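Visitor: Please take a close look at one part of this structure, the interface between the two chains.

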Amino acid sequence: MEVDRVSGLFCLIFGVICMYASTQLSLGSFREPGPGFFPFIAGCFFSLLALLIVISSFIPEKDRENKVSSLWKGVNWRRPLTAGLLLLCYILMLERMGFLLTSLIVLFLMLRWVEKFSWGKALLISASASACTYLLFQTLLKANLPIGILGI
Amino acid sequence: MDFFGNLITGLSVACEPYNLLFCFLGVFIGTLIGVLPGLGPSATLSILLPVTFGMPATTAIIMLSGIAYGAQYGGSTTSILVNIPGETGSVITCLDGYQMARQGRAGPALGIAAFGSFIAGTVGIIVLQILAPPLVNVALKFGAPEYFSLMILGLIILTFLAEKSMLKALMMAGMGTFFGTVGLDSISGVARFTFDIPDFFDGLGIVPMVMGLFGIAEIFLNLEKTIKTEISDGKIGNLLPTLKDWVDSKWALVRGTVIGFVLGLLPGAGAVLSTFVSYAVEKMVSKNPQKFGHGAIEGVAAPESANNAAASAGFVPMLTLGIPVIPTYAILLGALMLHGITPGPMLMKQHPDLFWGVIASMYVGNVMLLVLNLPLIGLWVRVLRVPYPILFPLILLFCLIGAYAINKSTVDVAIMLFCGVLGYLMRKFEYEPAPFIMAFVLSPMLETSLRRSLAFSNGKFMIFFTHPISLGCLILASLLLVTAALPGIREKFVGEA
């Protein structure tokens, strides 16, 4: 499918959902707009534009490869995906295990899997980075980072 | 008398040792994060915001402002030496700055960037100082319809100047507006799209969104390809541009300053767009445009002066109207309110020492930046020698801490990650995040002013056309839309950058 058609359709569907959700909030009247009034207008506005984008994607463009698969051709998509998943783990672990331990583990895996560092190097960099940021933000700037099972 | 009277009031505040120290810290940190790719001024401001709680309001704002305009200085260094813009406002500087460095002219490139930034920044503050008092008087006449139409105009200009499709940019603005409505409705108190998550009641955080859309998305994109950091090894000897360099770039500096200041005044346009436009203009007026992209010094001077002039100009609507032109200033406004000060037209009357002190501190800060930057370039280069594979996990870690520390909530971190993925996909599908985030920032003000106007006029939309300032803004906005619909004109204006 064409790039713009995919993104346009996606936004159109999202826009219609937004409009529907806004109507559930009471639109009010022009004289006294309700809480759903403004989000409804915003939703209408971008659904309309998304529709225009979908329509314009049917106008053929010359000399341009615009299939969705072409967006990820020739790039290493595994690396951003791994980094994204590791960040998700970070969020899930942060308040349970504390800042220091979570950062150490996630940074270590990031360096190992995304950047292919050796065990030793990855451990050294992740340990010193977590320790330094801990000292800077927790000890010096008192940022109240989460304390986990280790109590630090 | 007023000009100098205000200047003296301001300088006496700015030159107190305590304020001087924090002004210095601000511009130093600003330059540093400007140098580091990925970690922007918005993130830094929010990380350091809690640190300022114990300070007097003036000192806090002086330091935070220093970070905001200092970042524009640092960004150019990385653009020129490594071809990686440290700051979105320095993307254009890469084009000719890096080429100059490869030709062994890194020194003059850095020099003209620093001097250009200094000149434009200082001129910007002078104009700000002259413009602020009359503008405050105009601003006092601003009612809800005027605010609404002005913000609409700003958003239309932003989408008009968008690099790619204006249709897509407009749609992004619409979507950003929608995201801005998440949270408790300020008038009825009804929870909107919060999914019963308490963290959403105050709305989605600007900072995690900015960090996600720009910082995290950038990292994802960089990870797709293997980055080779090629630091130009040519010795950075003489930083002073030659007489010929000055002659070549003098008009570029002037035009860059003017363009930067004018665009910097508009909500949404800001530093980034001013660099694109000023570069395009230089290319248009140049006698030999083919040298652009191959190390033309005008190509460094124009955008660098533009982004600094824009950084100063952004303070005008912020200090007089309370409208943030870019997300960074939205955080600065938040800082003002946290210190118990209401931004807007009354600020100058109620807190003259803060108002003029902050403006005067910017003169001082600009001098500091010039003095600081020239000798420290060697240090920044060393910071950049840290290889990207080590640098990016560190930047990620800073972003994670920044997102968490604002509200001590993992929900904010999750918003950041979500926006990171969103920003990555936007970039892939050629949508621009700038109109999205700007509309998001302005959305609550847009909504309040729309609803107030309608309540005031008994539900008649004519109110936007009967108020002259509002009508003027709307006419301008529709002219832009009509122009954009006609083929060729908009392309001529923005397509050449």
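Guide: Chain B and chain A bury about 5200 Å² between them, 80% of it on carbon and sulfur atoms; buried area is the accessible area (1.4 Å probe) that two parts lose on being put together, summed over both. Met171(B), Phe178(B) and Phe429(B) supply 11% of the area that chain B buries against chain A, more than any other three residues. This is a predicted model, in which local features need pLDDT of at least 70 and side-chain atom pairs count only at pLDDT 80 or more, while totals for chains, interfaces and linings use all residues. Residues are numbered from 1 along each chain as its sequence is written, chains are lettered from A in the order in which they are written, and side-chain values use heavy atoms, with hydrogens and water left out.

The contact (heavy atoms within 4.5 Å) involves 59 residues of chain B and 62 residues of chain A. The residues on the chain B side that touch chain A are 39 nonpolar, 10 polar and 10 charged; here Ala, Val, Leu, Ile, Met, Phe, Trp, Tyr, Cys and Pro count as nonpolar, Asp, Glu, Lys and Arg as charged, and the others, Gly among them, as polar.

One salt bridge is counted between chain B and chain A, a salt bridge being a side-chain nitrogen of Lys or Arg within 4 Å of a carboxyl oxygen of Asp or Glu. Asp4(A) forms a salt bridge with Lys168(B), and their closest N and O atoms are 2.8 Å apart. Elements giving two or more residues to the chain B side that touches chain A include α8 (166-179) and α17 (388-407) of chain B, where helices (H or I, at least four residues) and strands (E, at least two) are DSSP runs, numbered from the N terminus. The largest share of that side, 12 residues, comes from α17(B).
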